[in-house]
Every structure is written in structure tokens, then in C-alpha cells.
Amino acid sequence: MSSQIDEYFDAALELVKSSGNLIKEHVTGCKVFELKSCDIDFVTEIDKKVEQTLIGGLSEKFPSHKFIGEESVADGAKCILTDDPTWVIDPVDGTMNFVHGFPHSCISLGLVINKISVAGIIYNPILEQLFTAKKGQGAFLNGRQIHVSQVKELRNALVAFEAGTSRDEEKTKVVFENYKQIVSKGHGVRALGSAALNMAMVALGGADANFEFGIHAWDVAAGDIIVREAGGVCIDPAGGPFDILSRRVLCASTPELAQEISKVLCQYYPERE
Ligand code: IPD
């Protein structure tokens, strides 16, 4: 199995790196975009091109593999996760950043088998940050092994989280409440504007935890394995096991920190994927 995952990963990495050039061409921003679910949920031609390139290249190499891609789902494809090898793709995570030229956008690609992430690539071509992980083989930034921090208590933690790309009133109230909770109890809050890059920061040890309600499988499939291979944990924000289709995530450097945060969070349950 491990050598097969290596083969899948190597092919995917080549495609991700070459697709990264499409993003690099717009370092100062990509002002032409369309709206999706609401007026702060954007898609650009580059999102679509990157996704087509990845799905085209991977399906040619591995015809039996399945796909869940953000833009294919937006165009009506069903988000179905079976036990088969499935590539879960966010072609540009941080599209809002990409539009504005805020240099934290990435390609996020996870390989999920038996509903568990077994390989992940998060690539920010603008800052040349390549986060990778394969099951049982550790997590890496640009080829150097990375580890989560050892932080166990919220009072010592830097926590990344996002308001997300929805204007839903109930969700916004929850975001404000959680902001208050974390600001008053932790070291501070950060938001990179990309769910995948926030998770990568936890894997790197730069942030100690990250949570979000309303994310999608493509935002977290790669981050899940990268955080776990860096020694961290990925759970449901209420403290139970992580479910990739639940649209909820909490990852942290240690199980103690994850559980403590889960207890102070005001919860929100978006409709399941
Ligand atoms: C979004 C970003 C954002 C997060 C949203 C995601 P997209 O992904 O990761 O930071 O808050 O929940 O949907 O739309 O840029 O691919």
C-alpha cells in the first residue's frame, strides 16, 4: 500500500507544481471573478483551470480513482465519498486572497482512501511553501520535516480561525462569540484567509490550533494528514472524532489543547456535505 501511495503522491506532486504556475501569474491579484454561494464567495478562471488540470492529469494516470473538486461540485457534481481512492481538490484555497493579491493562497490536494486522508499536498506557489505528508512518513515543508508545537493549554496558544465565506447570521454570531472566547483566554488569534494554510501553520508549529465551522472536505483533506503526520490531532470541534464531510474541523498541536478548545467553543452545525 505504502509504495502505491508513493506512486500516487509523486504523480500528484508534479501536477500540483506545474498548476502552481497558473497561480503565480497573478501575484498582484486576479480582479476578474464570479460569485458562488454569496457575495463573498468567489471563483476565478484560475480556480477552474487548476482543477481541470489536476483532474485531467490524475484521471489519465489513475483511471479508477474518484474526485471531489470544489469547482466541479459548484458546477453540480455530487460530493460522494466512497472507500475508493478519491482525490479531494481545492484548486485555489484562499480565493479571496488570490483576488486581492494577499499572498496566502494555495492548491490543496488530499488523497482519501477508505474515507481517511493518506496523502496531502498544500502548495502556495507565491511564497514557495510546499507542505506535504504521506501516511506514516511524516510531514514536510519544502522537504524539511516539520512538527507541531508542544502547547497543551489555551492560555499559551496562538489560534488560527476564520470568519469563512458565508453571511449567515447565526454563523456570524458564533464567529464573534468564539473570537471573544479565544482572545480572552489564549495568546492571540490569526487568520491567513485559507483554511488549508491555517492547518499547515499548526503542522509547522507556528500556530497551536485552528478551527472552523462551514469548511468543506476540499479545504481540510490535505491539512488533516499533514497535521497528523506532524504529530498533531484533528477532531470535531465538539470533541468527538473528525468527520471529513461534517464541514467542521478543529486541529491542534496536542489532544489536551484540542479538548480544552472544544469545551470553550460556541458550536455551529452547518448542513453536512
Ligand atoms: C475558503 C478559505 C477561507 C475559509 C473558507 C473556505 P476558498 O476556501 O479557505 O479561508 O474561511 O471556509 O471556504 O473558497 O478560498 O477555496
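**Exercise 1.** In what order do the seven strands of the open sheet come, and what is the pairing?

*Solution.* Keep in mind that you're looking at a predicted model. Step one: walk across the sheet from one side to the other, and you read off β3-β4-β5-β6-β7-β8-β9. Step two: check the directions; the pairing turns out to be mixed. Step three: look at the ends, where β3 (66-69) and β9 (144-146) each pair on one side only, making them the edge strands. As you go from one strand to the next, the twist averages 20°.

**Exercise 2.** Zoom in on β4 and find out how it is joined to β5.

*Solution.* Start with the general idea: strands of a sheet pair through backbone hydrogen bonds, either parallel or antiparallel. Here, β4 and β5 (residues 106-113) run antiparallel, with six bridges joining them.

**Exercise 3.** Which helix lies across β4, β5, β6 and β7?

*Solution.* That's helix α1 (residues 2-24), running at about 25° to β6. Now try helix α6 (residues 195-204), which also packs on the sheet and touches β4, β5, β6, β7, β8 and β9. The direction of α6 makes about 100° with that of β6.

**Exercise 4.** Work out where the ligand sits.

*Solution.* First, count the neighbours: 16 residues surround the ligand, and Asp93, Thr95, Glu162, Gly164 and Ala195 are the closest. Next, sort the shell: three nonpolar, seven polar and six charged. Then trace it back to elements: β4 (86-93) and α4 (95-100) each supply at least two residues. Finally, domain 1 (2-146) and domain 2 (154-264) both contribute to the shell, so the ligand lies between them.

Definitions and conventions:
Residues numbered from 1 in each chain as written. Predicted model: local features only at pLDDT ≥ 70, side-chain atom pairs only at ≥ 80, totals over all residues. Near = placed C-beta within 6 Å. Helix = DSSP H or I, 4+ residues; strand = E, 2+ residues; numbered from the N terminus. Nonpolar A, V, L, I, M, F, W, Y, C, P; charged D, E, K, R; others polar. Domains from an automatic or database assignment. Pairing = 2+ DSSP bridges. Axes fitted to C-alpha atoms, helices over the stretch in contact; angles between N-to-C directions. Contact = placed C-beta atoms within 7 Å.
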